[in-house]
Amino acid sequence: MLAKRIIPCLDVKDGRTVKGIRFEGLADVGDPVELGARYATEGADELVYLDISASREERSAFTRLVGRVADRVNIPFTVGGGISSADDAAALLDAGADKVTVNSGAVRNPGLITEIARRYGSQFIVVAIDARMCEDGEIHVTTHGGSRMTDRLLLPWAIEACERGAGEILFTSMDHDGTRGGYPVDIYSRLAESLPVPVIASGGAGGMADIADVLTSGRADAALAASIFHYGEITIKELKTYLRSRNIPVRL
């Protein structure tokens, strides 16, 4: 069985790491380079950096910060935010990122996934999906940092993204993000059953048991979390020791 991955997520706005609840009420939690270096030392498997205001501000992501991270961090890291062309992705990969994640740009132009995958390979592209439950009982995809609702539905869009060349799917449940009430395990289980690529779970981690549940019952390949790491509630070493005690394979 492949080892499950633990991935701290660093949402970046104006050069600082921030965290909110359901994408709102953002609070400053530290320097993104220093935090990333700390998580790498603690045993994180990967990092994800998201420039959360790039799409709203219609600008490309932060290549200068990516270079600083690459100089300090010795584990793979993924970067996203404002990527609307293969050239945008190229700039981030050239700056030192190991993978890029596309979200709003891919919803607007699904061919972007195919273009990046053809140029660099599926292993370099993660399609991020921010979605929430709506009044019609369906989980709708949003764009621009969760500020714009679309008609696309979570599962069909995730399937299409894989068909177009996505190497991984990173789904953030906006209904659970920052609430620390646990991941929506049933949704991740359906995604894992339906998709041919790894699924990264994001949104809702309140403790070690929540992460264990989404990696087992939810069948996610990786768990992404922010608040519990940013505020020092648990360390990655403690988490991995706990997961091992639950017979969940992780790299120590």
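The model is predicted. The protein averages a pLDDT of 91. Of the residues, 93% score at least 70. Where pLDDT is low, the predicted coordinates should not be read in detail.

Rolling a probe the size of a water molecule over the atoms shows where empty space is left. One cavity of 30 Å³ or more was found. The volume of the largest cavity is about 40 Å³. Its lining holds five nonpolar, two polar and three charged residues. Ile7, Val48, Val126, Leu170 and Ile200 are among the lining residues. Thr78 and Thr101 also line the cavity, as do Glu46, Lys99 and Glu168. Two strands, strand 6 (99-102) and strand 10 (168-173), each supply at least two residues of this lining.

Attention then turned to Lys240. This residue is found in helix 10 (residues 236-245). Lys240 counts as buried because its relative accessible area is 3%, and the cut-off for buried is under 20%. A polar atom of the Lys240 side chain lies 2.7 Å from the backbone oxygen of Arg251. Arg251 is also among the residues that Lys240 touches, leaving aside those up to four places away in sequence. On that count, Val250 and Leu252 are touched too. Ile6, Gly43 and Asp45 complete the list of contacts.

Technical notes
Residues are numbered from 1 along each chain as its sequence is written. This is a predicted model: local features need pLDDT of at least 70, side-chain atom pairs count only at pLDDT 80 or more; totals for chains, interfaces and linings use all residues. Side-chain values use heavy atoms; hydrogens and water are left out. pLDDT is the predictor's confidence in each residue, from 0 to 100. On a 1 Å grid over the protein atoms alone, a cavity is a set of points where a 1.4 Å probe fits but cannot get out, and a pocket is an open set with protein on both sides within 12 Å along at least five of seven lines; lining residues have an atom within 4 Å of a point. Grid points are joined across faces, edges and corners, and a volume is the space filled by probe spheres set on the points. Helices (H or I, at least four residues) and strands (E, at least two) are DSSP runs, numbered from the N terminus. Ala, Val, Leu, Ile, Met, Phe, Trp, Tyr, Cys and Pro count as nonpolar, Asp, Glu, Lys and Arg as charged, and the others, Gly among them, as polar. Buried means under 20% relative accessible area, exposed over 50%, partly exposed in between (1.4 Å probe, protein chains only). A polar contact is a pair of N or O atoms within 3.5 Å; within protein, one must be able to donate a hydrogen and the other to accept it, and residues adjacent in sequence count only if both atoms are side-chain atoms. Contact means heavy atoms within 4.5 Å.
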